[in-house]
Structures are given as structure tokens and as C-alpha cells.
Amino acid sequence: MRESTHYVGLDVHKDSITIAIAEAGRSPAKVLATIDHDLPTLRRRLRRLGDAEDVAVCYEAGPTGYGLYRRLRAWGYDARVVTASKTPRPAGGRRQKTDRRDALDLAHFLRSGDLTSIHVPSEDTEALRDLVRARDDAKRAEKTAKHHLSKFLLRHGRRYHRPTAWSGLHMKWIAQQRFGHEAQQCTLDDYLARLHEATARVERLTSKIEELIARSELAPLVTALQALRGVRLVTAATLACELGDLRRFPRARDLMGFLGLVPSEHSSGPSRWTGKITKQGNSHVRRVLVESAWCYRFPPRYNRDIQKRLEPVSDEVRRIAMQAQHRLHHRHQALGRRGKTPQKLVVAVARELAGFVWAIGQQPNLLT
């Protein structure tokens, strides 16, 4: 593809698209039009600029998804989706923010090469990602239902004294509770029914994830990632669907930075200050890695479940998984002896766990 001579920035909304263009050279960007969010109309506007090979187009990632990107690529345009958080902004902020100014900025910075493009997943991977995120939503709804039910019982002095909450015995104990007032009994029954519905929804979506992942192109990667301790089906599916081909990250530290697991830093002259993690990038992957990192507080072990997950993977993946158990447990213990809080400690372990995820993702034959 030859070098572009027209650089187009699109400020995309649900009902409208503002089009701005910057020509090759030093001339300022200008707004062409604001149109309805209608793809045939957009295509006619872009055709007026000349051949598709001469036009580069970009827009910021947002709630409208990747459908526009895929259509632009199908029309032959050099299309890119850029991350809004890394789009350059004027120093000191801007007093006026409009769709026209945003489109002008995109066209200008696309021409100067200052925009950061994001990885656009395949349609199949995006569909599986939607399913995994739907399960996350269902899990949050289940947690909320448990919270409402437990606090209702606590308000009325119904305390469960065994250590394992939400076990079979706990649920049986809840079902046996009776209230003298009909309104309170109705409240308990409604909270309990909602919890059962939420739990059934989580189980249904988990089963569907297992079924569809096994038939997808991500199946080898999901299987390999489950060799890691604390990474089972749902966590492995989240990592695979959210990150895709891990070979696009040249180094492990690039993945760590992408996930926002690296410390923030402010350095000037001889002074250097580091703070909390940046929390940039994919929050879904960051969350599941932190959850998995808690497993490494225990000494390395290879129980029946872990051994079963190690069987279908290659010797190199097995070696990486075993090395992760020893290194991350040692890291956990060392940070604990230094007096780090559990929260800081587990985030540090999660950062190194991301490195082992990256190492597994570099193995051949995991993605087609």
C-alpha cells in the first residue's frame, strides 16, 4: 500500500459522524462535514477524496464498536482505531471541546504519526469476549444478590455461625428461616429466588463458554494458559479473548505496561518518584490476574487438578508453569518479609504472573 496523501479523522457518535481531513504536507486540517451515522453516506464522502489507497482513516474507540473499522477495511482504506486516553491533548487542557475540534485533532495527529492504534480482535474472538464479559456481569449480579440477602438476614439477627458462607449447608440454613410477618417472609423468598436465578445464569454462561471455546481458534491457547496455577477455564478464556495473539507484545514488560500493572513514575533531574500502578489498559485482564495471584501465597504443589491440566500441554509450557509456581511463591514470601501490605504484594505477583502468561503465549502452534 502506497503512502497516504489524505488523512481523515472521524469523530463517531451513535447518531452522527464528523469528518475532518489533513492533506499531506503542512496545511492545517479542516472539517469536511457532519453527517448522520450512515455508512453509505460516509463511503460517498470518502470516495470524493480519491482512491482508497491514498486515504488513511482513524477514529477513537468507543461504544460504537469495531463495525465501522471492519467496513472501512473492506472498502480498501487504511483504517485504524486509536485509544482516546493516548490521543495528544493541548497543554493545560482546552476550554472548548466539540465534535469538530476532536475530528480535527484526529486528522492532524494521524498525519503526524502521534496516535496509538489499538488491536482489533477478529469477529469470532470478539464474540467470545462478549460472552465472557456477560458471565462477568452475571457474577457481579450474583454477588449483589448475596449481599442483599445476607444484609437482610443480619438486620433481623439471623447470623450463620459456620465459617463457610454460601456453601450447601449455608443455603439450606437460609431456606429454613421463617419470619412471623408475611411481608418479611415474602422479602426473604424474593431475595432467595433472585440468588438462585443469578447462580443459574452464571452456571449457564460458564457451560456455554466451555462449549464454544473448545470449538474456537483460541482453544490451544486457553488449554496452555490453564497450566498456570490459579488459571482455570474462565480466567484462561478471559486472558485469551481479551489479549488475543500475545506475540504482538515484543517483550513481557510491554504486556505488563499494557495491563497497567507497572508503577507510575515522575522523574526530574536527580529525583525519581514512583507511585501506584498506572491502571491503564485492559481492566478485565488486570482483575483476573490479581485474583489468580492470590494462589501463589501457598507453597508449590502439583495436586490432581493441576496435573490433569498439565497433561495436554507441551513440555515447554509445563516447564514455564512449574517455574511460575516456584518463582511467584518465592516472590510472595520475599515481599511479605519486607513488610509489604497484602494488596501491594499480590499486585506485584500479578505483574510477574503476566510475564509467565506472555511466555506461554510465545509458544508456537497456539493460534492459527
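Predicted model: local features only at pLDDT ≥ 70, side-chain atom pairs only at ≥ 80, totals over all residues.

Q: How many bridges join β6 to β7, and do they run parallel or antiparallel?
A: Five bridges join β6, residues 263-268, to β7, residues 271-277, and the two strands run antiparallel.

Q: What about the hairpin, how many residues are between the strands?
A: The hairpin of β6 and β7 has two residues between the strands. G269 takes a positive phi there, near 60 degrees.

Q: OK, new topic. What is the strand order in the open sheet?
A: The order is β3-β2-β1-β4-β5, so five strands with mixed pairing. The twist averages 20 degrees from one strand to the next.

Q: Which strands stand at the edges?
A: β3 (30-36) and β5 (78-82) do. Each has a single partner strand, so one side of each is left without a neighbour in the sheet.

Q: How do strands in a sheet pair, in general?
A: They pair through backbone hydrogen bonds, either parallel or antiparallel.

Q: And β2 with β3, which way do they run?
A: They run antiparallel, and six bridges join β2, residues 16-23, to β3. I21 stands opposite K30 in β3.

Q: Which helices lie across the sheet strands?
A: Helix α1, residues 39-47, lies across β1 (6-12), β2 and β3, and runs at about 155 degrees to β3. Helix α3, residues 99-112, lies across β1, β2, β3, β4 (55-60) and β5, and runs at about 145 degrees to β1.

Q: Let's look into α3. Is D105 buried or exposed?
A: D105 is found in α3. It counts as buried, because its relative accessibility is 11% and the cut-off for buried is under 20%.

Q: How far is D105 from L10?
A: Their C-alpha atoms are 9.7 Å apart in space, while the two residues are 95 apart in sequence.

Q: And what does R101 count as?
A: R101 is also found in α3. At 33% relative accessibility, R101 counts as partly exposed.

Q: How far is R101 from V313?
A: The C-alpha atoms of R101 and V313 are separated by 52 Å. Along the chain they are 212 residues apart.

Q: How do α8 and α10 cross?
A: The axes of α8 (residues 233-243) and α10 (residues 283-293) come within 9 Å and cross at roughly 150 degrees. Angles over 145 degrees count as roughly antiparallel, and α8 and α10 are therefore roughly antiparallel to each other. The crossing is left-handed.

Q: Which residues meet there?
A: T235, T238, L239, E242 and L243 in α8 meet H284, V285, V288, L289 and S292 in α10. The residues of this contact divide into five nonpolar, four polar and one charged.

Methods: Residues numbered from 1 in each chain as written. Heavy atoms only, no water. Axes fitted to C-alpha atoms, helices over the stretch in contact; angles between N-to-C directions. Helix = DSSP H or I, 4+ residues; strand = E, 2+ residues; numbered from the N terminus. Parallel < 35°, antiparallel > 145°, perpendicular 65-115°, else oblique. Left-handed = near helix turned anticlockwise from the far one by under 90°. Contact = heavy atoms within 4.5 Å. Nonpolar A, V, L, I, M, F, W, Y, C, P; charged D, E, K, R; others polar. Pairing = 2+ DSSP bridges. Buried < 20%, exposed > 50% of the residue type's maximum accessible area, 1.4 Å probe, protein only.
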